[in-house]
Amino acid sequence: MPGIYITSSGMTQPLSICTESCQPGYSKKMKEGEPFCCYNCIPCPVGKISDEKDMNDCYTCTDENYPNKNRDLCIPKETSFLSYEELLGTSLALFALSFALVTALMLKTFVKHHNTPIVKANNRGLTYTLLLSLLLCFLCALLFIGQPKKGTCILRQTTFAITFSMAVSSVLAKTITVVLAFLATKPGSKMRKWVGKRPASSIVLCCSLIQAGICAVWLATSPPFPDADIYSVTGEIVLECNEGSSTMFYCVLGYMGFLAGISFMVAFLARKLPDSFNEARFITFSMLVFCSVWLSFVPTYLSTKGKYMVAVEIFSILASSAGLLGCIFVPKCYIIVLKPELNNREQLVLRTH
């Protein structure tokens, strides 16, 4: 029988006289025009291994494993998610809690000085609503940290969407209030009947209900759910919240962008109003910061993988909320706390001239 040696232990294939044995991590490739025992040893392709000598083909690891560097062994993948135990998760949580504490202190300051002119100037109710919604925005960032579960996956995006819509619609209502308040000062103006709490409250309620409706459709048709991504990051099984419907996720973001765009345009057009109404200038800058953060969010979010996608969303939530808080309320708190002599009606009247 050609090519077979008969020994005392049985029949064995002779060793190659052309090539040494292929080591694990390699596979055999026959040389054309050469005897069958002559072959080349080629490295296993990316994602495959061979764990024995002289294997004809490499094979892929199971989904729960990945090849080692030498491609001769399958290693179990590690589970990965953004947790409170790691530095990134802890840092983001501390930032969220710090901003929430600052917001709560600002709200307390405004409530304490609720009868002063600077607090009364642009609708106290809207001010309280905006501060409360910003407080919830900072706190909702905590829902994105930790192992994804069914409840947190549903609450993450819906809470984020509704609280942010409430915040942006409050900014829009404040901007419109500024414009109406100025127009109402003109002699014989018919705008006086539109100045008050009811129109502003209606704007916030309607805008928030529309976003709540979008979220309700999302949850009814394709709600978010816990999932495991085994392909995006080598060597890791990324535990994440699958959005269920990417279309609905971007509809939520698109609606917030629509509200932010309107707020920015109205505030920009009202930026040249007299100084006593100059909250429009602060709103313009705050919405510019807000829109810049979320416009940069989309490409950054799509270009990152694993738990860092969650970190990017948390950072965007904190940065945009902090932009609104800092641009709109820090100047007022500065006057209330450090320059109380400017917090009177006479100073506001002087600044109009």
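Predicted model: local features only at pLDDT ≥ 70, side-chain atom pairs only at ≥ 80, totals over all residues.
Me: Which residues of H6 are buried?

Reply: An α-helix has 3.6 residues a turn, so residues three or four places apart point the same way. In H6 the buried residues include Met 248, Val 252, Tyr 255, Leu 259 and Ser 263, and also Phe 249, Leu 253, Met 256 and Ala 260.

Me: How many residues does the largest nonpolar core have, and which of them have the most contacts inside it?

Reply: In soluble globular proteins, nonpolar side chains tend to be buried together. Here the largest nonpolar core has 62 residues, with Phe 160, Ile 314 and Phe 329 having the most contacts inside it. Helices H1 to H8 each supply at least two residues of this core, and the largest share, 13 residues, comes from H8. Leaving aside residues up to four places away in sequence, Phe 160 touches, among others, Leu 253, Met 256, Trp 294 and Ile 317.

Me: Which strands pair with S11, and do they run parallel or antiparallel to S11?

Reply: Strand S9 (residues 78-80) runs parallel to S11 (residues 236-242) and is joined to S11 by 3 bridges, with Glu 236 as the partner of Glu 78. Strand S10 (residues 225-229) pairs with S11 in the antiparallel sense over 5 bridges, and Asp 229 has Val 238 as its partner. S10 and S11 form a hairpin with 6 residues between them, where Gly 235 in the turn has a positive phi of about 85°.

Conventions. Residues numbered from 1 in each chain as written. Heavy atoms only, no water. Core = buried A, V, L, I, M, F, W, Y, C linked by side-chain atoms within 4.5 Å. Buried < 20%, exposed > 50% of the residue type's maximum accessible area, 1.4 Å probe, protein only. Helix = DSSP H or I, 4+ residues; strand = E, 2+ residues; numbered from the N terminus. Contact = heavy atoms within 4.5 Å. Pairing = 2+ DSSP bridges.
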